[in-house]
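Subject: Handing over a structure, with notes

Dear colleague,

I am passing a structure on to you, and I would be grateful if you could look through it with the notes below at hand. The structure comes first and the notes follow.

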Amino acid sequence: MAAHHGGGDTRAPGHPAPDEHHGTRNKVARSILDHGPSTAAELAQRLELTQAAVRRHLDALVSEGVVEPREKRVYGSRGRGRPARAFALTDYGRSAFDQAYDQLAVDAMNWIAQAAGGGEKGRAAVADFARARVAAQAERYRAELERAAPGERARVLAEALSRDGYAATARGAPASSGEQLCQHHCPVAHAAERFPQLCEAETEVFSRLLGTHVQRLATIAHGDGVCTTFIPEAASGAAPGTPKTPKTPKTSKTTAATASASTAGRNPA
């Protein structure tokens with residue numbers, strides 16, 4: 001923003017500077033990236049702003065195509081009243097965060113598929129590459145998980161993923177005996193949209209690291225606001241690298257329906 005010449009700052013007293021508006025707007029977008037789709041009330045509490053101020057920034061971000069309103073997903077039975085609107089980053093909004101090499105990844109995997117002969121052979125070659133990529137990543141995490149107490153492994157994995165740019169958190173799964181590993185950002189989301197083998201290989205590695213079968217419920221690559229992986233309670237007593245069959249999670253009809261809709265047309269691995 002160009003400075004005013006000759007007359008100093010002509011804004012009314014107390015009116016925020018343009019840079020201050022821009023900085024706060026970036027904080028709102030970053031909070032959505034780090035925590036997933038959020039309501040105005042959640043953002044206001046998180047950023048210590050008024051809801052009115054947050055809504056003004058959200059309106060601006062929506063008009064710029066950075067965020068979009070969605071109906072907030074509810075697990076379990078929904079109460080009466082109008083559902084709260086949550087705001088999620090659009091593909092355009094995500095492109096500002098750590099996706100400079102996404103097209104390079106797409107081009108590289110296209111080359112791998114074509115070099116292997118295309119078709120089924122090409123898809124298998126991409127899957128082999130995806131497994132090798134996440135296996136190397138997993139080796140960096142394994143020692144940390146082995147040192148962690150059983151009940152802390154999901155949190156430790158989330159912290160490790162966050163250091164690699166996935167803005168991950170671990171929390172109790174609603175209406176079930178287990179945890180949810182949530183990745184609020186994916187540095188290769190566009191590549192994963194074209195090549196789901198990346199998501200499938202990552203899910204397999206989570207299973208090995210946590211010592212139990214895990215279930216991918218949602219992915220950013222398929223249009224969800226957050227990559228969500230269900231980790232059953234069985235993981236709390238398992239050693240890394242020894243996956244085993246989990247107990248059937250206790251889920252409500254609404255949760256089951258949501259999970260089914262989220263995984264339609266994909267391999268939950």
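I begin with a charged pair: R163 and E144 form a salt bridge in which the closest N and O atoms are 2.6 Å apart, a salt bridge being a side-chain nitrogen of Lys or Arg within 4 Å of a carboxyl oxygen of Asp or Glu. R163 lies in helix α7 (residues 153-163) and E144 in helix α6, so this pair ties together parts that are 19 residues apart in sequence; helices here are DSSP runs of H or I with at least four residues, strands are runs of E with at least two, and both are numbered from the N terminus. R163 is exposed, with a relative accessible area of 54%, whereas E144 is partly exposed at 22%, where buried means under 20% relative accessible area, exposed over 50%, and partly exposed in between (1.4 Å probe, protein chains only).

Before going further, please keep in mind that this is a predicted model, in which local features need pLDDT of at least 70 and side-chain atom pairs count only at pLDDT 80 or more, while totals for chains, interfaces and linings use all residues. Residues are numbered from 1 along each chain as its sequence is written, and side-chain values use heavy atoms, with hydrogens and water left out.

Salt bridges

A search of the whole structure finds twelve salt bridges. Among them is the pair of E204 and R131, whose closest N and O atoms are 3.3 Å apart. This pair links distant parts of the chain, with E204 in helix α9 (residues 197-210) and R131 in helix α6 (residues 119-147), 73 residues apart. Both partners are partly exposed, E204 with a relative accessible area of 29% and R131 with one of 39%.

Another salt bridge joins R155 to E152, with the closest N and O atoms 2.4 Å apart. R155 counts as partly exposed at 38% relative accessibility, and E152 is partly exposed as well, with a relative accessible area of 33%. Salt bridges that share partners also join D128, R131 and E204 into one network.

Helix α3

Helix α3 covers residues 51-63, and at 1.5 Å a residue its 13 residues should span 18 Å, which agrees with the 18 Å between its end C-alpha atoms; the expected span is 1.5 Å times one less than the number of residues. Its buried residues are A53, V54, H57, L58, A60 and L61. Seen down the axis of α3, these buried residues fall within an arc of 160°, so they line one face of the helix, the arc being that of the directions from the helix axis to the C-beta atoms. The face turned away from this buried side carries the exposed residues R56, D59 and S63. Just after α3, G65 takes a positive phi of about 80°.

Most residues other than glycine have a negative phi. E48, however, has a positive phi near 60°; this residue sits in the loop between α2 (40-47) and α3 and counts as exposed at 74% relative accessibility. A167, which is not a glycine either, has a positive phi of about 45°. A167 is placed in the loop between α7 and β3 (168-172) and is buried, with a relative accessible area of 12%.
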